[in-house]
Amino acid sequence: AAEKEAADKAAAEKAEADAKAAAEKEAAEKAAAEAVPAVECSGRTVTAKRMDANGLDGHGWGMWLEFMCGPTHVSIGSSHGSQSQSTTVYTPMFAGDCAPRVDK
């Protein structure tokens, strides 16, 4: 009788653990699905503009400008003396990949 009671208890504990694991897996899958950004765009224009320390327009830059927006490599190049330069990125980018302003 004690052996049967121990076996029943072990089976109940296993069933409870299996149900808990299944619920945790379902919750993790749901959270992962909800975490996928809803907005993805391709063909986004990325613009760099040089500003001086006082927030006034700078005089552009001569070096080749490249940086990362999230996982996307952006190559803008030289401004050729103008204060800003733009490029269009055709790889998927998500809202928030590029900082709206970088002070460096």
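Predicted model: local features only at pLDDT ≥ 70, side-chain atom pairs only at ≥ 80, totals over all residues.

Student: Which elements does the protein contain, and in what order do they run from the N terminus?

Tutor: The protein has one helix and six strands. Read from the N terminus, the order of the elements is α-β-β-β-β-β-β.

Student: How do strands β3 and β4 pair, and over how many bridges?

Tutor: One examines the sense of the pairing, then the residues that face one another, then the turn. Strand β3 (residues 65–69) pairs with β4 in the antiparallel sense, over five bridges. Within this pairing, phenylalanine 67 stands opposite valine 74 in β4. The two strands β3 and β4 form a hairpin with two residues between them. Glycine 70, in the turn, has a positive phi of about 60°.

Student: Is threonine 72 buried or exposed?

Tutor: The relative accessible area decides this. Threonine 72 has a value of 6% and is therefore buried, the limit for that class being under 20%. This residue is found in strand β4. Neighbours within four places in sequence aside, threonine 72 is in contact with Phe67, Val89, Thr91, Pro92 and Met93. Val89 and Met93 also belong to the largest nonpolar core.

Student: With which residues is tryptophan 61 in contact?

Tutor: Again leaving aside neighbours within four places in sequence, the contacts of tryptophan 61 include Ala48, Lys49, Ile76, His80 and Gln83. Ala48 and Ile76 are, like Trp61, members of the largest core.

Student: Where does glutamine 83 lie?

Tutor: Glutamine 83 is in the loop between β4 (72–77) and β5 (84–89). With a relative accessible area of 32%, this glutamine is partly exposed. Glutamine 83 and lysine 49 are 34 residues apart along the chain, yet their C-alpha atoms are separated by 5.7 Å. For the protein as a whole, among contacts between residues at least 6 apart in sequence, 49% join residues at least 24 apart.

Student: How many salt bridges does the structure hold?

Tutor: The structure holds two. In one, lysine 4 is joined to aspartate 8, with the closest N and O atoms 3.2 Å apart. These residues are four apart in helix α1 (residues 2–35), and are therefore separated by about one helical turn. In the other, the side chains of lysine 14 and aspartate 18 meet at 2.9 Å, N to O. Lysine 14 and aspartate 18 also lie in helix α1, four residues apart, about one turn of the helix.

Student: What of the surface of the whole protein?

Tutor: The protein exposes about 8,100 Å², and carbon and sulfur atoms supply 56% of this area.

Terms used:
Residues numbered from 1 in each chain as written. Heavy atoms only, no water. Buried < 20%, exposed > 50% of the residue type's maximum accessible area, 1.4 Å probe, protein only. Contact = heavy atoms within 4.5 Å. Pairing = 2+ DSSP bridges. Core = buried A, V, L, I, M, F, W, Y, C linked by side-chain atoms within 4.5 Å. Salt bridge = Lys/Arg side-chain N within 4 Å of Asp/Glu carboxyl O. Areas by Shrake-Rupley, 256 points an atom, 1.4 Å probe, with all protein chains shown as cover.
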